[in-house]
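Here's a friendly walk through some helix packing and aromatic pairing. Have a look at the structure first, then read on.

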Amino acid sequence: MRISQVIIDQVLDRTDLVDLINSRVKLKKSGKSYTACCPFHQEKSPSFHVHRDKGFYHCFGCQASGNAITFLMEHDHRTFMEALSDLAQQAGIELPKSDPADAPQVQYQRQAPKTLTPKKQPTPTTAATQPYTHTAHAEDDDAGWQDFFQAGATESDLETNLPTVPTAAAYLTPDESGFAEQLDGSLYSLLEAITQFYQSQLQQHLPARQYLHGRGLDGEACTFWRLGYAPTDWQHLEQAFPNDIEGLKQLGLVRTSESGRQFDLLRDRVMFPIRDRKGRVVGFGGRAMQDDVKPKYINSPESVVFNKSNLLYGLYEGRKARAKKWLMVEGYMDVIALHQAGVHGAVAALGTAANVDHLNTLFKLDPSLTLAFDGDQAGQNAAWRTLELALPILNDGLELRFLVLPEGQDPDSLIRREGTHGFRDRIQQAPPLSDFLYDSLARQYDLNHPEGKGRLMHAAQQLIQQLPQHGSYRHLLRHSIRDRLGLGFRGKAQAPRQSISFEQGCSLEEKALLLLLQYPALRAHFQPLDGLLDPQAPLKQLLQLLRTDLEQQIDDPEQMLYFILGAWPEAQSRRKLCDLLDAVDLTNYIQHPERLDRLCRELALQLHEQLLTRRLRSIQSLTEAREINAQLLDIRYQLHFRESADPLLMHESHIH
């Protein structure tokens, strides 16, 4: 749905930008503007300015700027429509409704109950025995529920204080609980009411609470994730919501047997409400409390509000916790356990395998995504299927890591055994796709014989062809596998005269030359330097040679290198390049193509800064000096606040 610019301008005009930002970042009056330390990068002195009259903010350190909508999108990780809707609601402006053709039908017809009449309890109803009562907020919780997780509470205390689970006939209807006016025929309202119903049942069901406590969850985690319990009765939802049978059927929570009898899909299970990106409950996952009950998990069926392939369990909660790094796991309990331990970016697919939509959603939040799989054969198979699925979308700059856990362990059990620090170490050490792919193939073939190496290379080539056509990663991955197999000049025994360290013994330009000579596919990172280099500089000459369309030769690294050296314009310079190639060891980079791309981006920035600084010393024009200083400020910001600097480049001392 498109929103007219007129409405957007009205929302912005009625939004006090200072009040909005001050509610999240403490602002201080400074002349006509307000200042603070920038919320988008780390700094010690404030360079973030907010202008109330102009309705925009700007940071002179990281160049972040925008209006109220962009601030919510960047700071709160909201989508455009989510940010606009929030601001419009605060400003009292009603956004146009979606066209019926653009949105699913989420309404149902409420009906009067036919024959169901709730029975009255023989004893007075109290807050402790009411199985369904509406609370205004999901955070409200029964005192006994909180006490259950307090240290010192014993099982005998619980058995004394908690009532037994009532029969279905004892459930209060929404009319009796005073909640009827809240149910307006919207499936979202009905799902919210069902969530509260399940939460109330969990407060009264001791075995379910003991199960969650045994899995290491505390009361705060159960409340945050809105966990509940579905009673054993076959018609508990019909009893609790007799006016809303049509809605329950649309959601697939109530079904009809062949004999015509209605029954509830989810019974005697711990309930996991599933929320969409806006935080609305759209479905449920039910887990059996005994491992011998099959199936262990049952999810809500597909409905107009619940599409499993587009949802991830924990995505809303992770964004709410402002997670920076994201990890995809296999189970709901894994997500909750990791979140409780401080690993807030864990998500899980909804009972299905990961798909392209899931990966694209997470790559928008984190370009370096980690996938965690159980260490058994099923986990290995799932990891391989995800690898094949991810290859067509792995554009340059995206990285996929595979965390295969010890056999018999899952993230839930492992983080309790090793602690948060140990689990984070595992994430940091998770092998990238290049390692996982090669190691998986190497286990299938005998690499002691040429035939085995050839079969591995053929299998790898079939996979590499699925990577995006335009980009350096496909070339780097192919070269990496060739080198690991001992094919080509980089796989041969190195000459004994090697003595120069790539990290500390080479200048920035020499590093760029070495990488481009052996990995020409990385040339795009250095093209912006072409106009700053001296015409006789070797790097300038190399970039000019690489302008020719040589994609076929690039696929064969030996042929490409020989072509470049043969076409080199000056013999003495060529000999120096050959000596440099023989003397420097690039083994650490050959085996990690993901690292090579980041290394070249970093190296190009450092060299760009060096060249601009050199030019700044020789120019006389004040205008040109200002332009260069602005470029230097931007480059230094990128260098200083880069997310993942290569530690080997931190030793570089040739910048200044």
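## A buried aromatic pair

F272 and Y313 are both buried, where buried means under 20% relative accessible area with a 1.4 Å probe, protein chains only, exposed means over 50%, and partly exposed is in between. Bear in mind that this is a predicted model, in which local features need pLDDT of at least 70 and side-chain atom pairs count only at pLDDT 80 or more, while totals for chains, interfaces and linings use all residues. Residues are numbered from 1 along each chain as its sequence is written, and side-chain values use heavy atoms, with hydrogens and water left out.

## More on the aromatics

Rings of Phe, Tyr and Trp (its six-membered ring) pair if their centres lie within 6.5 Å; planes under 30 degrees apart are stacked, over 60 edge-to-face, and the rest tilted. That rule gives 19 aromatic pairs. One of them is F197 with F241, an edge-to-face pair at 6.0 Å centre to centre and 80 degrees between the planes. F197 sits in helix α8 (residues 187-204) and F241 in the loop between α11 (236-240) and α12 (245-250), so this pair ties together parts 44 residues apart in sequence. F197 is buried at 0% relative accessible area, and F241 also counts as buried, at 0%.

F272 and Y313 pair up edge-to-face too, with 6.4 Å centre to centre and 85 degrees between the planes. F272 is in strand β9 (residues 269-275) and Y313 in the loop between β11 (297-299) and α13 (315-320), 41 residues apart. These two belong to one aromatic cluster along with F224, W225, Y297 and Y332.

## Helices α3 and α4

Helices here are DSSP runs (H or I, at least four residues), strands are too (E, at least two), and both are numbered from the N terminus. The axes of α3 (residues 68-75) and α4 (residues 80-91) come within 9 Å and cross at roughly 125 degrees. Those axes are lines fitted to C-alpha atoms, for helices over the stretch in contact, and angles run from 0 to 180 degrees between N-to-C directions.

Who touches whom? On the α3 side, A68, I69, L72 and M73 make the contact, and on the α4 side F80, A83, L84 and L87, contact being heavy atoms within 4.5 Å.

## Helices α18 and α19

For α18 (residues 433-442) and α19 (residues 450-464), the axes come within 10 Å and cross at roughly 140 degrees. L437, Y438, L441 and A442 of α18 meet L456, A459, A460 and L463 of α19.
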